[in-house]
Amino acid sequence: SGGGSSAASKESSQARGGGVYGDGRDDVRALPSFKIEAIDEDDSDAESLAAPGAGGHGGTARGTPEVMDGPNSGAASDKGGGATALKPLADLPEGDVISTLVVDCVGDVIIPRLTVDKKEEPSADDFPHLDPKEVELDGTDPSKPLKCAMFKFMHSCVPHPAAARLQANGTTHGGAATGAQIPGIVSCLKRYVTMTNRNACGVLCRFRIEGPFRLLEIAQVGKHPVRLATEDPKKTLKKGKTIERQPPLQLFSVEKYETISLQAEFVPELVPASQWDESRVDNVFTGSIVVEYPRERSEAAGVPADMQRVHLVATSRRPALRLVAVPLPHLDRPLAQDPGLVMVEFGRTHVDSSVARRRSVLLLNITNVLARWQLVHIGRKMSIQALTAGGEDASALDDMNAFNFDVAEGELVGPSKDVLVPGTGERMPRWMPSTAALPHALPAQDEHLFEPLKVTITFKPKKNELYMSRFRMHVEGGISADFICRGQGSYNEEDDCLDFVES
């Protein structure tokens, strides 16, 4: 009985489905029907199926296929009363085109520029843009000036002992390793300029240098450095021959996130003689490293190129001395003809005084360059017209032997110590040593070398005459300091010297 019932059920299912397994039409017809319009508009992308101008039971719109009769077409026809027209296309497609793909292309206009590993200097201007219209694409104001980085060099006219040994290594400090670091940097003739490509692509560039500078080396990671011709500029040149300027270099390729380093050197011999001012302590010379980005990969001249500048500033410093007389109010008087000239007044002195008349002056080096100085006497030749027009000082005796100096030459490191005078902007040395009551840090082992040099002058007249002589602290390769010693010889014993010394 069990076998007969299963066979009967199998025959009935074949009769309904039209086969052994059936085609599922009855199951599809049994699915529930619902309206698409009933779904929330925010959650559905359904659009109206009715064509504009066509009725609910009309024909098919032009350009759209009719709805195919399918297994579930009956559900739609029960409610709508027939096939529904689809939405027409805006443009009729071509008959032989199956599908169309739309590709959106986005391009970036990159103005080549390398990033210098140094902050920009507000006072240094860069080259303007080659094409201002390209800069306006991202909203940048092309009229706003660009700024560039600045690299500073230091040169001493008188070589420092430490700088002479370490000149090849670049920056040299004037202070000793364990001493006072008062001088600071005394020599810096070579600097490295490092640039990085932070663009989205590689750039091509070439370098050239302007001013009294030259490029020594251009290095890239993974490549052999390019060493330029570096003849010694200090070597004696033949008559009529000058140091040649470096020609523009070849193109260098700097890929994304790669760096390139340039070694630049300041060459004082390249400065024209007309630009040196012997009366100034600091002579400043400027130059530039120019980076060219050609728009075409060509070595020919005339190819348009974007420009970038790295500003170079070199300071050549010479030593300079300053002389200050330790004041004695009852003797000092201003010098009428030259307020900037120091007058050391000795007053009236007995020729045979048992106590010599002495005055002290302080010698300061106002720069960090070593000053090698020597005392010299500046003689004068007076004419008859000068004697008659010069008054009392014109007829004074110019006898250098009447003034004796305890120190006549030496070396003075700098800058010498001085302090700011309260209420004024002038700096003056201390007349007397500071007491233990004033707070001060422990001095370095060589800090006494930066104290002003005290020079004692002794006046020994031989006649009852006015003595006045001019002396100069002559500095090798620097700015000297002149001063005048003036005293009156006397035969009167009341003019014996009685100096008061502060306790």
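This note goes through the salt bridges of the structure above.

1. The model is a predicted one, in which local features need pLDDT of at least 70 and side-chain atom pairs count only at pLDDT 80 or more, while totals for chains, interfaces and linings use all residues. Residues are numbered from 1 along each chain as its sequence is written, and side-chain values use heavy atoms, with hydrogens and water left out.

2. A salt bridge here is a side-chain nitrogen of Lys or Arg within 4 Å of a carboxyl oxygen of Asp or Glu, and by this rule the model has 19 salt bridges.

3. One of them joins Asp125 to Lys147, whose closest N and O atoms are 2.6 Å apart. Because Asp125 belongs to strand E2 (residues 120-125) and Lys147 to strand E3 (residues 147-156), the pair ties together parts that are 22 residues apart in sequence; strands (E, at least two residues) are DSSP runs numbered from the N terminus. Asp125 has a relative accessible area of 41% and is partly exposed, and Lys147, at 24%, is partly exposed as well (buried means under 20% relative accessible area, exposed over 50%, partly exposed in between, with a 1.4 Å probe and protein chains only).

4. Arg206 and Glu292 also form a salt bridge, with 3.5 Å between the closest N and O atoms. This pair links distant parts of the chain, since Arg206 is in strand E7 (residues 203-210) and Glu292 in strand E12 (residues 282-294), 86 residues apart. Both Arg206 and Glu292 are buried.

5. Arg427 and Asp418 meet through their side chains in a salt bridge of 3.1 Å, N to O. Arg427 is partly exposed at 39% relative accessibility, and Asp418 is partly exposed at 25%.

Technical notes. Helix = DSSP H or I, 4+ residues; strand = E, 2+ residues; numbered from the N terminus.
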